[in-house]
Amino acid sequence: MMEDAIIRFEHFGFQYNAQSEPTLYDIDLTVRRGEKILIAGPSGCGKSTLAHCINGLIPFSYKGTQTGKVEIAGKAPAQMGLFGVSRHVGTVLQDSDGQFIGLTVAEDIAFALENDCLGEPEMHERVAKAAKLVGIESHLLHAPSDLSGGQKQRVALAGVLVEDVDVLLFDEPLANLDPATGKAAIELIDEIQKTTGAAVIIIEHRLEDVLWREVDRVVLMGKGRILADMSPDELLSGDLLVRSGIREPLYITALKYAGVQVRPEMAPRSIHTLRLEEADREKVRAWYRAAPPAPRPETAEPLLEAEHIRFAYPNGREALRDISASIGKGEMVAIVGTNGAGKSTFSKVVCGFETEQEGGLRFAGEDMRSLSIKERADRIGYVMQNPNQMISKVMIFDEVALGLRTRGVPEEEIREKVEDALKVCGLWPFRSWPVSALSFGQKKRVTIASILALEPSLIILDEPTAGQDYRHYTEIMEFLRDLNKRGYTVVMITHDMHLMLEYAQRALVFSEGGLIADDECAAILTDREIISRASLKETSLYELALLCGVEDSRGFVRRFIDHEREEVRP
Amino acid sequence: MTNIFNYIDRSSPVHRLTGATKLVCLLIWSFAAMMTYDTRLLAILPLGSFALFALSRIRLRDVRFMLGFTLVFMALNNLLVFLFSPQHAVGLYGTRHELFSLGGRYVVTSEQLFYHLNLVLKYLATIPVVVLFVSTTNPSEFAASLNRIGVKYTVAYSVSLALRYIPDIQREYHDISQAQQARGIEMSRKENIVKRLKSASAILIPLILSSMDRIETISNAMELRGFGKNKKRTWYMGRPFTKWDILSIAVCAGILAAAIILNRVNGGRFWNPFARG
């Protein structure tokens with residue numbers, strides 16, 4: 001059995017040169033040929049470092065000290081060289097746009113072959129074959145800017161498939177994809193594994209999405225150690241996931257709320273394999289009936305109103321078609337839809353970065369047409385997805401004060417306003433720190449504080465939790481909810497269905513430039529037609545409801561949301 | 001997509017030449033045109049470049065922006081030469097045939113007019129071939145071409161990478177500048193230069209930081225896929241030389257040879273019709 005092992009770690013540890021503590025401790029892990037493994041864990045648990053040890057970036061690009069033993073295809077990576085390791089391990093990085101090297105799809109797929117000095121006829125043949133395997137063969141001459149996120153990921157996968165590798169390593173493959181595309185990606189990885197017979201290692205903290213297709217084992221990591229290495233059925237039956245800061249699948253959470261004891265023999269790894277006895281089904285139904293639906297919030301007076309907005313880019317592409325929507329004072333609303341559906345363009349028009357060709361906007365009853373970008377910013381704050389795209393000052397205080405200083409506010413008043421914003425954002429203890437000393441989530445708060453200092457009444461956030469693990473996600477979202485309770489109106493542009501379900505009172509769904517739904521999230525996530533048009537994914541709660549014989553699946557989802565809002569995170 | 005290349009995909013004999021051939025021809029052709037002031041050769045070259053233009057099936061309106069830009073540049077260049085040194089050609093040709101005076105030292109001579117004619121011909125000889133090169137060379141082929149004429153592939157590839165990432169960085173610049181404008185960063189010409197420099201830093205610092213992240217990703221991605229493994233590499237978009245490639249280079253080499261021979265015959269770069277008169 002041992003000669004079957006393609007990757008073997010024994011008492012392995014690693015410490016980066018720049019760090020005072022090891023990042024990995026005592027790792028024992030064996031991956032056999034043809035196996036499919038999920039490595040899960042919160043940010044900073046060492047899963048990316050482990051990935052670097054598998055693909056050879058450690059020890060060749062990132063230096064440090066290692067202890068214990070590691071073997072790839074029976075040899076120590078240190079002796080194989082980075083290029084030797086990459087013959088066996090193909091890596092698909094998280095950022096599928098950043099790793100797109102070629103000017104066209106074909107060139108990007110061919111990149112490894114070009115470096116291997118392959119002749120042109122054979123290269124063309126192998127590129128065509130790999131492109132076909134991932135279903136991108138009709139786009140060979142397209143530039144990266146013409147591709148969607150999912151297509152770019154397919155190209156990246158084809159780029160490693162052109163070389164017959166033994167191991168395919170995926171570093172957070174779902175990070176930048178919308179729910180439907182993510183689901184397709186997991187299906188594709190599964191098919192590729194079956195056709196090529198390569199071992200597959202997926203590093204991801206979104207457990208439920210990866211488990212959409214079977215995996216052999218889940219390796220759970222925490223604080224640089226392997227906490228569990230077991231079948232998904234076993235892992236989902238315990239409480240190890242929750243304790244390690246990983247989100248459980250929603251149907252598992254719901255079963256637990258209903259008092260059902262989850263056991264491995266129920267095959268809880270996926271909602272489709274889950275078997276429930278009648279007694280358990282009754283428990284779920286009883287939980288559903290136990291509380292009447294919470295009263296829906298009353299419609300608030302409108303703060304932002306859009307009427308028949310139409311916008312087309314100079315190249316003629318119509319990005320917004322007849323958008324009419326209203327956002328009420330004190331609401332917390334999600335804007336969802338695929339990339340290019342118009343959700344970002346809509347927020348740009350609202351902020352005045354782009355000007356609508358038809359229709360109009362009103363803010364608190366006032367026509368916004370004559371307002372400049374700067375004047376709009378006094379009413380509506382816009383927070384970009386990546387805090388590094390906004391921060392330009394060294395010190396936190398100066399960063400938050402930037403907008404006030406450019407407005408010529410007296411320094412005395414600036415101090416007061418900045419201090420208030422820092423307190424609201426929980427950054428008061430760090431007020432005299434440099435920005436560089438903060439974590440990603442804290443930087444995000446700095447950018448939010450710098451917007452709050454201008455005292456807008458509405459804040460628009462682009463993907464507030466992108467790339468964050470469950471703990472940081474909860475931290476950021478609870479903070480936004482707190483702001484919302486203080487009276488700020490919050491609009492979030494997002495792909496994340498959990499975010500919608502847990503924090504948004506309402507969602508506006510965009511598709512191909514049009515607004516196709518404006519409803520409470522429980523209704524949207526149980527509506528098949530809207531789900532497919534907006535590239536969303538059905539929530540597993542819907543299927544759990546069907547499985548347990550609850551007829552009103554929408555009501556069931558609503559019950560889950562109410563339960564969480566009232567009892568779990570009051 | 002904004003790009004320094006304005007590749008227009010058509011089927012023509014010029015398109016079918018390899019990128020390396022076109023690059024070599026461009027270099028030789030412009031070198032010859034720059035070297036000589038022999039009006040006889042300079043009169044032939046523009047005819048040749050117009051003929052190539054027709055052959056390439058690139059239409060004037062496809063490239064009118066580039067042409068317009070360079071024509072303005074040509075006019076400016078001529079004007080400045082005349083303004084700063086109205087008697088430049090008198091020194092060059094050693095004779096002085098005055099035609100009329102524009103006042104002060106601005107006396108127009110036949111020699112000066114002839115010199116300007118040569119300048120215009122030089123522009124007319126080179127502009128069309130440069131425009132032709134950028135509009136008939138697939139950017140994907142450009143790195144391969146550089147590599148083929150002897151540039152190290154690691155260097156050649158950086159050109160290709162720049163072409164790949166410049167549009168991305170432009171887009172990011174645009175996004176960052178919009179978000180910073182909302183915070184009151186003014187980029188308009190209304191502000192004074194110090195303020196504008198400060199504003200620029202509010203956009204450039206985040207842009208540089210995020211580009212650094214990008215660079216780490218790219219270099220990891222490239223290394224993981226074997227970039228730098230061997231001394232050589234092949235190119236997906238590379239194409240084999242045909243007899244037309246060899247013929248084109250030979251013709252250009254002939255032109256260069258003619259320029260060199262004329263230099264010898266004329267005893268310098270200038271062909272002087274005034275000496276006889």
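Reader: Before we start, what puts two residues in contact here?
Author: Two residues are in contact if their C-beta atoms, placed from the backbone, lie within 7 Å. Keep in mind that this is a predicted model.

Reader: How does its radius of gyration sit against the globule rule?
Author: The radius of gyration of chain A is 25 Å, and the globule rule gives 25 Å for 570 residues, so chain A is as compact as a globular protein of that length.

Reader: What does the C-alpha trace span along the principal axes, and what percentage of chain A is buried?
Author: The trace of chain A spans about 70 × 60 × 50 Å. As for burial, 50% of the 570 residues of chain A count as buried.

Reader: Zooming in, how do strand 8 and strand 9 of chain A run?
Author: Strand 8 (residues 217-222) and strand 9 (residues 225-230) of chain A run antiparallel, joined by 5 bridges. For one pairing, Val219(A) has Asp229(A) in strand 9 as its bridge partner.

Reader: Which residue in that hairpin has a positive phi?
Author: Lys223(A) does, with phi near 50 degrees; the hairpin has 2 residues between the strands.

Reader: Switching to chain B, at what angle do helix 2 and helix 6 cross?
Author: In chain B, the axes of helix 2 (residues 19-35) and helix 6 (residues 110-136) cross at roughly 170 degrees and come within 9 Å. Angles over 145 degrees count as roughly antiparallel, so that is what helix 2 of chain B is to helix 6 of chain B.

Reader: Which residues make the contact?
Author: From helix 2 of chain B they include Leu26(B), Trp29(B) and Met34(B), and from helix 6 of chain B they include Val129(B), Val130(B) and Phe133(B). By class, the residues of this contact between helix 2 and helix 6 of chain B are 8 nonpolar, 3 polar and 2 charged.

Reader: Last topic, how many residues does each chain give to the contact between A and B?
Author: Chain A gives 49 residues and chain B gives 42 residues.

Reader: Which helix of chain B gives the most to that side?
Author: Helix 9 of chain B, with 14 residues. Helix 7 (139-148) and helix 8 (153-182) of chain B are also among the elements giving two or more residues to the side that touches chain A.

Reader: And how does that side split by class?
Author: The side of chain B that touches chain A has 20 nonpolar, 13 polar and 9 charged residues.

Note on methods. Residues are numbered from 1 along each chain as its sequence is written. Chains are lettered from A and ligands numbered from 1 in the order in which they are written. This is a predicted model: local features need pLDDT of at least 70, side-chain atom pairs count only at pLDDT 80 or more; totals for chains, interfaces and linings use all residues. Helices (H or I, at least four residues) and strands (E, at least two) are DSSP runs, numbered from the N terminus. Ala, Val, Leu, Ile, Met, Phe, Trp, Tyr, Cys and Pro count as nonpolar, Asp, Glu, Lys and Arg as charged, and the others, Gly among them, as polar. Axes are lines fitted to C-alpha atoms, for helices over the stretch in contact, and angles run from 0 to 180 degrees between N-to-C directions. Angles under 35 degrees count as roughly parallel, over 145 as roughly antiparallel, 65 to 115 as roughly perpendicular and the rest as oblique. Two strands pair if DSSP finds at least two bridges between them. The radius of gyration is taken over C-alpha atoms; the globule rule is 2.2 Å times the number of residues to the power 0.38. A residue is buried if 20 or more other C-beta atoms lie within 10 Å of its own, exposed if 12 or fewer, and partly exposed in between; C-beta atoms are placed from the backbone.
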